[in-house]
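Subject: Structure handover

Hello,

My notes on it follow below.

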Amino acid sequence: MSDVALHRLGGDGPDLLFIHGFGADRLSWLAVAPQLFDLATVWAVEYAGHGAAGDDPGAGDPLTIASAIGTAIDGKLTRPHIVGHSLGGTLALHLAAMMSDDLSGLLLLAPASLAGGIDTGFVRAIPELDDPGAALDLLRRLVSRKVLVTPRMAEAMVAGLAAQNRRTSLRQIAQALESAEPPPFPPELPFEILWGA
């Protein structure tokens, strides 16, 4: 089993769960989550090697991580709508395949592995970052509006890698992603997919 941390971000209403991408954490959603507090009870999950989660990724593959997320939300969230970004989108698809009757729907933001392979160069580089300048350059590869990724964000990413065993966990997940099969697609569950320009 993989380590997972579940966080209630706020709000009131039906459950909505955010799943971050590789190298990110629950803080990725801080600009978006408050916009939804009038509509939903907003949750965010962090998986092994990220944020407040522990450092044991289990096998490190998406199916193992998604299974741990399923265990973490079981009995705590009621038919949540899942929003997953990048690797989080892949995890959301695995989660939906495991428990589609227990979910309301999916919003997949640039889900990893659906439009080709995972950017293995990116995921291999994250655990090796030790310089905020290099982190800033790497993170800015993800966006068209480069100003959205600030030096402070890059500094926080490098600082987060200082936690004991954090780099080892991320390396294990990165390696598992290289041979991971694409996630199953649950046609019976309502979904939307958004890709940026």
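E178 counts as partly exposed, at 40% relative accessibility. The accessibility classes are these: buried is under 20% relative accessible area, exposed is over 50%, and partly exposed is in between (1.4 Å probe, protein chains only). R124 is partly exposed too, with a relative accessible area of 46%. E178 and R124 form a salt bridge, and their closest N and O atoms are 2.7 Å apart. By salt bridge I mean a side-chain nitrogen of Lys or Arg within 4 Å of a carboxyl oxygen of Asp or Glu. This pair links distant parts of the chain: E178 sits in helix α6, R124 in helix α3, 54 residues apart. Helices (H or I, at least four residues) and strands (E, at least two) are DSSP runs, numbered from the N terminus.

Before the rest, the ground rules. This is a predicted model, where local features need pLDDT of at least 70, side-chain atom pairs count only at pLDDT 80 or more, and totals for chains, interfaces and linings use all residues. Residues are numbered from 1 along each chain as its sequence is written, and side-chain values use heavy atoms, with hydrogens and water left out.

Salt bridges

The structure holds five salt bridges. One of them joins R166 to D55, with the closest N and O atoms 2.9 Å apart. R166 belongs to helix α6 (residues 166–179) and D55 to the loop between β3 and α1, so the pair ties together parts that are 111 residues apart in sequence. R166 is buried, with a relative accessible area of 9%. D55 counts as partly exposed, at 21% relative accessibility.

R141 forms a salt bridge with D119. Here the closest N and O atoms are 2.7 Å apart. R141 lies in the loop between α4 and α5, and D119 in the loop between β5 and α3 (120–125), so parts 22 residues apart in sequence are tied together. Both count as partly exposed: R141 at 48% relative accessibility, D119 at 41%.

The sheet

Six strands form an open sheet with mixed pairing. Their order is β1-β3-β2-β4-β5-β6. Two strands pair if DSSP finds at least two bridges between them. β1 (4–11) and β6 (191–194) stand at the edges with a single partner strand each, so one side of each has no neighbour in the sheet. On average, neighbouring strands of this sheet are turned by 15° against each other, direction ignored.

Strands β4 (residues 81–85) and β5 (residues 105–109) run parallel and are joined by five bridges. G84 stands opposite L108 in β5.

Two helices pack on the sheet. Helix α1 (residues 62–73) touches β1, β2 (15–19) and β3 (41–47), and its direction makes about 50° with that of β1. Helix α2 (residues 87–99) touches β2, β3, β4 and β5, and its direction makes about 145° with that of β4. Contact means heavy atoms within 4.5 Å. Axes are lines fitted to C-alpha atoms, for helices over the stretch in contact, with angles from 0 to 180 degrees between N-to-C directions.

Helix α5

In helix α5 (residues 151–160), A154, M157 and V158 are buried. They cover an arc of only 95° around the axis (taken from the directions from the helix axis to the C-beta atoms), which puts them on the same side of α5. The buried residues of α5 pack against α4 (132–140). The face turned away from the buried side of α5 carries the exposed residues R152 and A159.

Best wishes
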